[in-house]
Every structure is written in C-alpha cells, then in structure tokens.
Amino acid sequence: MTVLRLMIVDDHPVVREGLRGMLEADPGVTVVGEASSGDEAVVRAAELRPDVILMDLRMPNGDGVSATAGILAARPESRVIVLTTYETDQDIVRAVEAGATGYLLKDTSRGDLLAAIFSAARGETVLSPAVATRLVTRMRAPAAESLSPREAEVLSLVAEGLTNAEIGKTLFISEATVKTHLLRAFGKLGVSDRTAAVTAALDRGFISRQNRSS
C-alpha cells in the first residue's frame with residue numbers, strides 16, 4: 001500500500017496538532033511535516049517533497065496564495081488544498097489561479113477531508129459545496145451561455161480523460177489557466193464538477209463525442 005505524504009501549513013499550533021492526529025489515524029496517510037507561515041511552507045515543501053499540502057490561507061510571513069504559487073513553481077507535482085475559514089470570491093479565485101487543486105472550509109468533516117486529500121493526490125479538483133456554489137455563481141455568464149473555443153477545447157480533452165496537467169501540456173498553457181477555463185465553463189453550464197460539465201457540454205452540442213482531431 002502506498003502511503004500518501006502530507007504536509008500541514010497553519011499558523012495555529014492547535015490546528016496543526018488536531019489535523020495531524022485526525023489524519024494520521026488513517027493508515028494511508030503520513031504527515032511528513034508542518035509549517036506555520038507561507039514562507040516556511042515553501043522551504044519545507046522543497047525539503048519534504050509532500051504529495052499533498054493542506055494550506056491555511058491567511059498567515060503571517062507569506063500568505064497561503066503566495067506560498068501555493070511558490071511551492072508549485074518549484075514542485076508542480078505536489079497538490080495544494082486550501083483549508084480555511086474564508087470563502088470570499090476573491091480569496092477563492094486567487095487560490096485557484098495560484099494553482100490550488102482544492103479549496104475546503106475548516107468545518108469539513110474528517111471523512112470528507114480524507115476523501116478530498118486522496119482525490120487531490122490523483123489530480124482531481126476538490127471544492128467544498130459552499131465554495132463550488134460561489135464559483136458557479138461568480139463565473140456564470142447569463143448573456144453568453146455558449147462556451148468559448150478554448151473552453152470547449154479544454155472540455156473536449158477532459159472528455160478524453162486527460163488531467164489538468166496533461167491538458168496544459170497539450171495546449172501549451174499553464175495548469176492554472178486550464179482551471180480558469182474549466183471554472184468559467186462550469187459557470188456557463190451551471191455545474192460544479194468536471195463530469196457534469198462534460199455531460200452538459202455534450203448534451204448541448206458544445207463538444208463532440210468524437211476525440212479531438214489532431
């Protein structure tokens with residue numbers, strides 16, 4: 001059994017201790033380290049090479065967004081899940097644009113948090129229901145419901161089973177840009193995940209059931 005390597009970043013020791021104890025009860029997870037600031041997180045992530053990082057958003061000495069961008073610039077294979085009490089549109093979009101794979105609130109249950117961690121390790125986007133709703137509302141464009149050519153192209157590749165990273169390499173764009181196109185497509189289609197987006201796009205004729213031509 002492969003054990004997932006996790007790092008916890010939060011400026012409150014009691015939060016870090018609580019998360020460590022809760023998550024290490026699962027045999028599939030080991031907490032390889034902690035950090036109490038964004039700047040420290042960047043250094044520790046380079047040393048520890050974690051698979052997934054739980055990232056607080058607002059901390060002294062470097063916030064979670066800047067830390068996320070710094071970590072992924074040096075180690076793009078790591079996955080970052082923002083775990084915070086804040087759910088403003090600006091915070092959410094900034095985190096996603098920095099490359100975060102997920103955005104969860106601190107009232108998430110242990111079971112949902114573990115499921116999100118394993119999903120993120122597989123490269124899947126994970127959002128708490130409240131965050132997904134806010135993103136869909138923000139990205140919805142009532143006056144222009146059709147997908148842009150790039151949004152349709154990204155969804156076509158999702159339909160072929162490609163990950164965000166693979167789509168980025170195929171289209172020569174960053175993974176963060178792929179996520180931005182997906183979120184905008186989610187808003188236009190009125191959905192909150194990749195599978196529903198592909199289904200809706202197929203049903204409305206925005207993408208073809210055939211593979212993208214070369």
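Ser37 sits in the loop between β2 and α2. At 9% relative accessibility, Ser37 counts as buried (under 20% relative accessible area; exposed is over 50%, and partly exposed lies in between, with a 1.4 Å probe and protein chains only). Leaving aside neighbours within four places in sequence, Ser37 is in contact with Val9, Met59, Pro60, Asn61 and Gly62 (contact means heavy atoms within 4.5 Å). Helices (H or I, at least four residues) and strands (E, at least two) are DSSP runs, numbered from the N terminus.

This is a predicted model, in which local features need pLDDT of at least 70, side-chain atom pairs count only at pLDDT 80 or more, and totals for chains, interfaces and linings use all residues. Residues are numbered from 1 along each chain as its sequence is written, and side-chain values use heavy atoms, with hydrogens and water left out.

**The sheet**

- Six strands form an open sheet with parallel pairing, in the order β2-β1-β3-β4-β5-β6.
- β2 (29–35) and β6 (126–127) stand at the edges. Each has a single partner strand, so one side of each is left without a neighbour in the sheet.
- Two strands pair if DSSP finds at least two bridges between them.
- Strands of a sheet pair through backbone hydrogen bonds, either parallel or antiparallel.
- β3 (residues 52–55) and β4 (residues 79–84) pair in the parallel sense over four bridges. Met55 stands opposite Val82 in β4.
- β4 and β5 also pair in the parallel sense, over four bridges. Here Leu83 stands opposite Leu104 in β5.
- In strand β5 (residues 102–105), Gly102 and Leu104 point one way. Tyr103 and Leu105 point the other way, and all are buried.
- In a regular strand the side chains alternate between the two faces of the sheet.

**Helices across the sheet**

- Helix α2 (residues 38–48) lies across β1 (4–9), β2 and β3. α2 runs at about 140° to β2.
- Helix α3 (residues 64–74) lies across β3 and β4. α3 runs at about 165° to β3.
- For these angles, axes are lines fitted to C-alpha atoms, for helices over the stretch in contact, and angles run from 0 to 180 degrees between N-to-C directions.

**Helix α4 and what follows**

- Helix α4 (residues 89–98) has these buried residues: Asp91, Ile92, Val93, Ala95, Val96 and Ala98.
- Gly99 follows α4, with a positive phi near 115°.

**Helix α8 and its cover**

- Which residues of helix α8 (residues 164–171) are buried? They are Asn164, Ile167, Gly168 and Leu171. They cover an arc of only 100° around the axis, which puts them on the same side of α8. The arc is that of the directions from the helix axis to the C-beta atoms.
- An α-helix has 3.6 residues a turn, so residues three or four places apart point the same way.
- The cover over the buried residues of α8 includes α7 (149–159), α9 (175–189) and α10 (194–203).
- Lys169 is also found in helix α8. At 67% relative accessibility, Lys169 counts as exposed.
- Lys169 and Glu34 are 135 residues apart along the chain, and their C-alpha atoms are separated by 31 Å.

- Most residues other than glycine have a negative phi, and most peptide bonds are trans.
- Phe172 has a positive phi of about 60° although it is not a glycine. Phe172 lies in the loop between α8 and α9. At 77% relative accessibility, Phe172 counts as exposed.
- Arg49 is a residue other than glycine with a positive phi, near 55°. Arg49 lies in the loop between α2 and β3. At 48% relative accessibility, Arg49 counts as partly exposed.

**Rings and charges**

- How many aromatic pairs does the structure hold? The number is zero. Rings of Phe, Tyr and Trp (its six-membered ring) pair if their centres lie within 6.5 Å; planes under 30 degrees apart count as stacked, over 60 as edge-to-face and the rest as tilted.
- The charged end of Arg58 sits over the ring of Tyr86, 3.7 Å from its centre. A charge sits over a ring if NZ of Lys or CZ of Arg is within 6 Å of the ring centre and within 35 degrees of the ring normal.

- Arg122 lies in the loop between α5 (110–121) and β6. Arg122 is exposed, with a relative accessible area of 52%.
- Arg122 and Ala176 are 54 residues apart along the chain, and their C-alpha atoms are separated by 16 Å.
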